[in-house]
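Reader: Hi! Could you walk me through this one? I'd like to hear about the helices, the core and the charged pairs.

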Amino acid sequence: MVSEAERALPMETGGVLVGYWATEFDEVVITDIIGPGPRALHRTDRFIPDPRFQQAAIAEFYRKSGRLHTYLGDWHTHPGSTPYLSGLDRRTLKAIADFRGARAPVPLMAVLGGLDPWDLRVWQYVPRACLSLRTLAE
């Protein structure tokens with residue numbers, strides 16, 4: 001994540017988190033990070049991924065893992081800013097949770113903020129609490 005973040009500076013970048021829940025929606029194992037893809041758009045205030053690239057990569061990880069490792073959520077950067085969720089980030093988490101095709105009712109969002117040093121926070125959407133989020137790692 002850090003190498004992709006530094007490659008994209010000063011723009012935001014990101015990707016998806018792949019892995020599995022060791023304990024349903026409580027203990028998660030992130031096994032792989034997928035980057036933005038070649039057709040992603042990078043801006044100073046947002047990042048739009050290359051969905052075809054990411055879907056193909058997720059499918060490959062899923063297949064190679066014997067259908068264990070799957071999509072867990074997204075990650076992105078806030079260069080020069082905090083690793084806290086913006087309003088758009090919160091709406092994106094809710095949209096992921098609501099989209100049946102994602103198969104992620106409690107998606108994660110990792111935000112890599114700062115710059116030197118980078119600061120990582122991983123957030124989990126809590127469905128029954130509107131847009132309430134909890135930090136999984138600080």
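**Helix H3 and beyond**

Author: Happy to. H3 has twelve residues and spans 17 Å from its first C-alpha to its last, close to the 16 Å expected at 1.5 Å a residue. Keep in mind that this is a predicted model.

Reader: Thanks! Which residues of H3 are buried?

Author: The buried residues of H3 are Asp-89, Leu-93, Ile-96 and Ala-97. Looking down the axis of H3, you find its buried residues within an arc of 100°, so they line one face of the helix.

Reader: Nice. Which salt bridge do Lys-94 and Asp-98 make, and what is the N to O distance?

Author: Their side chains meet in a salt bridge, with 2.6 Å from N to O. Lys-94 and Asp-98 both sit in helix H3 (residues 87-98), four residues apart, which is about one turn of the helix.

Reader: How far apart are the closest N and O atoms of Lys-64 and Glu-60?

Author: In that salt bridge, the closest N and O atoms of Lys-64 and Glu-60 are 3.6 Å apart. Both residues lie in helix H2, four residues apart, about one turn of the helix. Lys-64 is exposed, with a relative accessible area of 63%, while Glu-60 is partly exposed at 32%.

Reader: What about Arg-7, which residue does it form a salt bridge with?

Author: Arg-7 pairs with Glu-4, and their closest N and O atoms are 2.7 Å apart. Arg-7 and Glu-4 are three residues apart in helix H1 (residues 2-8), so about one helical turn separates them.

Reader: Is each of those two buried or exposed?

Author: Arg-7 is exposed, with a relative accessible area of 53%. Glu-4 is buried, at 15%.

Reader: Okay, changing topic. What makes up the largest nonpolar core?

Author: Nine residues in all: Val-16, Val-18, Ile-34, Ala-57, Ile-58, Tyr-71, Ile-96, Ala-102 and Ala-104. Strand S1 (14-23) and helix H2 (51-64) are the elements that give two or more residues to this core. There is also a second, separate core of seven residues, which includes Leu-85, Leu-93, Met-109 and Trp-123.

Reader: Last one. Where is Gln-124 found, and is it buried or exposed?

Author: Gln-124 is in strand S7 (residues 118-125). Gln-124 is buried, with a relative accessible area of 3%.

Reader: Which backbone oxygen lies 3.1 Å from a polar atom of its side chain?

Author: That is the backbone oxygen of Phe-25, which lies 3.1 Å from a polar atom of the Gln-124 side chain.

Note on methods:
Residues are numbered from 1 along each chain as its sequence is written. This is a predicted model: local features need pLDDT of at least 70, side-chain atom pairs count only at pLDDT 80 or more; totals for chains, interfaces and linings use all residues. Side-chain values use heavy atoms; hydrogens and water are left out. A nonpolar core is a set of buried Ala, Val, Leu, Ile, Met, Phe, Trp, Tyr and Cys residues joined through side-chain atoms within 4.5 Å. Buried means under 20% relative accessible area, exposed over 50%, partly exposed in between (1.4 Å probe, protein chains only). A salt bridge is a side-chain nitrogen of Lys or Arg within 4 Å of a carboxyl oxygen of Asp or Glu. The expected span of a helix is 1.5 Å times one less than its number of residues. The arc is that of the directions from the helix axis to the C-beta atoms. A polar contact is a pair of N or O atoms within 3.5 Å; within protein, one must be able to donate a hydrogen and the other to accept it, and residues adjacent in sequence count only if both atoms are side-chain atoms.
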